[in-house]
Each structure stands twice: as C-alpha cells, then as structure tokens.
Amino acid sequence: MQWFFCLDAWLQALIASLFMYAMTALGAACVFFSGRPGRNILTVLLGASAGIMIAASFFSLLLPAIGAEGPLPAYVTVTAGFLLGGAFIVGSDMLLSRTQRSFSAIGDKRTALLYFAVTLHNVPEGMAVGVAFAAGAGAAVGAGSALAGLLLALGIAVQNFPEGMCVAFPMRARGMSRLRSFAFAQGSGAVEVPACVLGALAASAVGSLLPWALAFSAGAMIAVVCSELIPECFSGNKTLATAGVVAGFCLMMVLDLALG
C-alpha cells in the first residue's frame, strides 16, 4: 500500500472513488438474483453506515477544518461551512419533492425521486472524500497522510452497497428489466468519481478553501444521514438499527484515533 500513500491527492481520490462506485454497482447487481436481502441485514448495514458517516464527519472533516488555518476564525468558517452543506442537501430535497415532471423513463414519480435524491446526495459524499485526501496531503508523508480519506471512503463504500440495492429493487418492482434497473442504479454511484476528484483538486489548489470544503462536506453528510439513512434503518427493527449506528460510529472512531 506504500505506493498508494505516495500518490498525489487527486489520484488517491480517483482510486478511492472507483472503489466506492464499485460497491454501488455490486449492490445494484443483486437485482440479477431472485431474492432480496433480508430486512434485518439491510437495517444493520444502513445503521452501521450512518454511524460510520457521523463519526467520519467529525473526526475526518470537522476536526481538520477546525485546525486548518484561514483568514477567519475557525468557529466562523466551520459553522458557516457546515450550515451551507446542510442547507444544500435540505434545499435539494425540497426541490426534488416539488418537481412535477414526468418520470416515465425511470418509473413512477416516487421511484424517480428516490433515484435523483440518491444520485444528488452522492455528489457531496464524493466531494467529502476528495477533500479529506487533499487535507491529508498537508500532513506528514506516510500512511497517516491518506488515512482520513481512506476511512471516509470505506464508510461511504459500506453505505453504497445497500444503497445500490435500494435503488435497483424498486425499479425492478415497477416492471423495469433487470438490466435497466442495474444500469440506472449503478449510474447513481458513478457521480461520486468526478465529484471526488474535483473535490481533491479544488481543495488542493486553493488552500484557503480547505476548511470551508471540509465543513461543507461534513454538513452535507450529516444532512444525508439524517434525511436518508436514519429514517430508513429505523423504520424497521430499532434495536438492530441502534446497534448498527453505535457499532459503526465506534469502528470509525477507533480506526481514526488509533491509526490517525
């Protein structure tokens, strides 16, 4: 893995984003099989993903944003960036929910809104990973310099697997072929690749943007967790959902604190 840690931040982001996309495609590929994964399994996976992303938002994004140097006080930059990231997701959800267009190409309106919401939410997730790699580029050379980006990419990749299934199966249930359901579902994760690379390039090129980008990504990720993952996993077995969130948070926290 030493070769990976020696790469430029944007190359690290590209490789990580391809892995994240592959997990979405792998989850979507489950539509080619007859049975859908059990509800309890999806609940634990989504809960763990929520916990991982909450911990990553703090340890891998907000803490580095607080420590980054900038022209404004840290509390101003971090608070404003976080609010902007959350507002971006909330505003996007409101816009999608009020859209009155026909979605015949993807299925009914509910399925299409789910697809567009997941696709849109993948953009800040990809940016968050790219920004994390850019932040690591300023640390000491070695494994620790890319650790935050790797851990964050892992957390999002874990989420992407059930997310791919959650997009593909409703389309299949609405009568779409298995191949088209897979094609649309994996496409929802493909946007993470350019978003991840652009996030790394932008944060690396303009150093003053780094704390803003980190805080913005953290706010967007928390908003995604609250609007998508938490309601979904807690709609089933609350005990399993809670256990998944706690386990995911602890896993991310231990890895970040022990290896960071």
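Helix H3 (residues 39-67) and helix H9 (residues 210-234) have axes that come within 9 Å and cross at roughly 160°. H3 is therefore roughly antiparallel to H9, a term for angles over 145 degrees, where under 35 counts as roughly parallel, 65 to 115 as roughly perpendicular and the rest as oblique. The model is predicted: local features need pLDDT of at least 70 and side-chain atom pairs count only at pLDDT 80 or more, while totals for chains, interfaces and linings use all residues. Residues are numbered from 1 along each chain as its sequence is written, and side-chain values use heavy atoms, with hydrogens and water left out.

**The H3 and H9 pair**
- The axes are lines fitted to C-alpha atoms, for helices over the stretch in contact, and the angles run from 0 to 180 degrees between N-to-C directions.
- The crossing of H3 past H9 is left-handed, meaning that the near helix is turned anticlockwise from the far one by less than a right angle.
- The contact of H3 with H9 has 18 nonpolar, six polar and two charged residues by class.

**Overall make-up**
- The protein has ten helices and zero strands; helices (H or I, at least four residues) and strands (E, at least two) are DSSP runs, numbered from the N terminus.
- Of its 260 residues, 47% count as buried, which is to say under 20% relative accessible area, with exposed over 50% and partly exposed in between (1.4 Å probe, protein chains only).
- Among contacts in the protein with a separation of 6 or more, 83% are between residues 24 or more positions apart; a contact means heavy atoms within 4.5 Å.

**Nonpolar cores**
- The largest nonpolar core has 46 residues, and those with the most contacts inside it are Leu61, Val129, Phe133, Leu152 and Met221.
- A nonpolar core is a set of buried Ala, Val, Leu, Ile, Met, Phe, Trp, Tyr and Cys residues joined through side-chain atoms within 4.5 Å.
- Elements giving two or more residues to this core include helix H5 (109-136), helix H6 (143-173) and H9.
- H3 supplies the largest share of this core, ten residues.
- Another core, of twelve residues, lies apart from it and has Leu42, Val167, Ala168 and Met171 among its members.
- Leaving aside residues up to four places away in sequence, Phe133 touches residues including Phe4, Ala9, Gln12 and Leu150.

**Pro194**
- Pro194 lies in helix H8 and counts as partly exposed because its relative accessibility is 45%.
- The C-alpha atoms of Pro194 and Gly126 are separated by 7.8 Å, although these residues are 68 residues apart along the chain.

How values were computed: Ala, Val, Leu, Ile, Met, Phe, Trp, Tyr, Cys and Pro count as nonpolar, Asp, Glu, Lys and Arg as charged, and the others, Gly among them, as polar.
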